[in-house]
Amino acid sequence: SLSGHYRELYYYQQIMAVKYNYPKAYFDMFNLMHLSDNVDLRKLSVYYLLKSCEMGYKRAIYYRSLFFLDEKDIPTANEYFVESDTTKFVHLKKMY
């Protein structure tokens, strides 16, 4: 789970992403959550990454290419989020 400081960051990024449709905020939420030990948070982080990509954020598009090697296998954010087959989840690795 997220610590207190990260929860506060997440809260404001969530507002910026959802209310203002801000692609960098989606990417920032991905950055906050992708190293979590919690499988559900990691899945949600990839949703945020894909959402940021769909909005054209170039940095997110670059990171997506590290996880999805074949362009034709890239799901939409919503397709990834509702996917029930956990074998198709992206296994995130540390990028820093």
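**Exercise 1. A residue of helix α1**

Task: Decide whether Gln13 is buried or exposed in this predicted model, and list its contacts far along the chain.

Solution. 
- Step 1. Take the accessibility of Gln13: the relative value is 13%.
- Step 2. Compare it with the cut-off: buried means under 20%. Gln13 therefore counts as buried.
- Step 3. Gln13 belongs to helix α1.
- Step 4. Set aside neighbours within four places in sequence. Gln13 is then in contact with Ala25, Asp28, Met29 and Leu32.
- Step 5. Look up one of these partners. Asp28 sits in helix α2. Its relative accessibility is 18%, so Asp28 is buried.

**Exercise 2. How enclosed is α2?**

Task: Work out how many residues of α2 are buried, and what covers them.

Solution. 
- Step 1. Count. Of the 11 residues of α2, 9 are buried.
- Step 2. Name them. They are Pro23, Ala25, Tyr26, Phe27, Asp28, Met29, Phe30, Leu32 and Met33.
- Step 3. Look for the cover. It includes α1 (4–20), α3 and α4 (58–67).
- Step 4. Conclude. Because 9 of its 11 residues are buried, α2 is largely enclosed by the rest of the structure.
- Step 5. Check the confidence. Mean pLDDT in the chain is highest in α2, at 95, and lowest in α5, at 87.

**Exercise 3. Pairs of rings**

Task: Say how many aromatic pairs there are, then classify Tyr26 with Tyr48 and Phe27 with Phe30.

Solution. 
- Step 1. Apply the distance rule: ring centres must lie within 6.5 Å. The count is 11 aromatic pairs.
- Step 2. Take Tyr26 and Tyr48. Their ring centres are 6.1 Å apart and the planes meet at 40°, so this pair is tilted.
- Step 3. Tyr26 is in helix α2 (residues 23–33) and Tyr48 in helix α3 (residues 39–54), so the pair ties together parts 22 residues apart in sequence.
- Step 4. Check burial. Tyr26 has 6% relative accessibility and is buried. Tyr48 has 5% and is buried.
- Step 5. Take Phe27 and Phe30. Their centres are 5.7 Å apart, with 40° between the planes, and the pair is tilted.
- Step 6. An α-helix has 3.6 residues a turn, so residues three or four places apart point the same way.
- Step 7. Check burial again. Phe27 has a relative accessible area of 0% and is buried. Phe30 is buried at 0%.
- Step 8. Lys43 lies over the face of Phe81, 5.8 Å from the ring centre.

**Exercise 4. The largest nonpolar core**

Task: Find which residues touch the most other members of the largest nonpolar core, and which element gives the most to it.

Solution. 
- Step 1. Start from the 25 residues of the core. Tyr10, Phe30, Met33, Tyr48, Leu49, Leu50 and Phe68 touch the most other members.
- Step 2. Trace the elements. α1, α2, α3, α4 and α5 (77–82) each give two or more residues.
- Step 3. Pick the main contributor. α3 gives the most, with 8 residues.
- Step 4. Follow Leu50. Beyond four places in sequence, Leu50 is in contact with Arg64, Phe68, Ile74, Pro75, Thr76, Ala77 and Tyr80.

**Exercise 5. The whole chain**

Task: State how many helices and strands the chain has, and what share of its residues is buried.

Solution. 
- Step 1. Count the elements: 5 helices and 0 strands. Along the sequence the pattern is α-α-α-α-α.
- Step 2. Take burial. Of the 96 residues, 40% are buried.
- Step 3. Consider contacts between residues at least 6 apart in sequence. Of these, 51% join residues at least 24 apart.
- Step 4. The accessible surface is about 6300 Å², and 54% of it belongs to carbon and sulfur atoms.
- Step 5. The chain averages a pLDDT of 85, and 85% of the residues score at least 70. Where pLDDT is low, the predicted coordinates should not be read in detail.

Definitions and conventions
Residues are numbered from 1 along each chain as its sequence is written. This is a predicted model: local features need pLDDT of at least 70, side-chain atom pairs count only at pLDDT 80 or more; totals for chains, interfaces and linings use all residues. Side-chain values use heavy atoms; hydrogens and water are left out. Rings of Phe, Tyr and Trp (its six-membered ring) pair if their centres lie within 6.5 Å; planes under 30 degrees apart count as stacked, over 60 as edge-to-face and the rest as tilted. Helices (H or I, at least four residues) and strands (E, at least two) are DSSP runs, numbered from the N terminus. Buried means under 20% relative accessible area, exposed over 50%, partly exposed in between (1.4 Å probe, protein chains only). A charge sits over a ring if NZ of Lys or CZ of Arg is within 6 Å of the ring centre and within 35 degrees of the ring normal. Contact means heavy atoms within 4.5 Å. A nonpolar core is a set of buried Ala, Val, Leu, Ile, Met, Phe, Trp, Tyr and Cys residues joined through side-chain atoms within 4.5 Å. pLDDT is the predictor's confidence in each residue, from 0 to 100. Accessible areas come from the Shrake-Rupley method with a 1.4 Å probe; for residues, only the protein chains shown count as cover.
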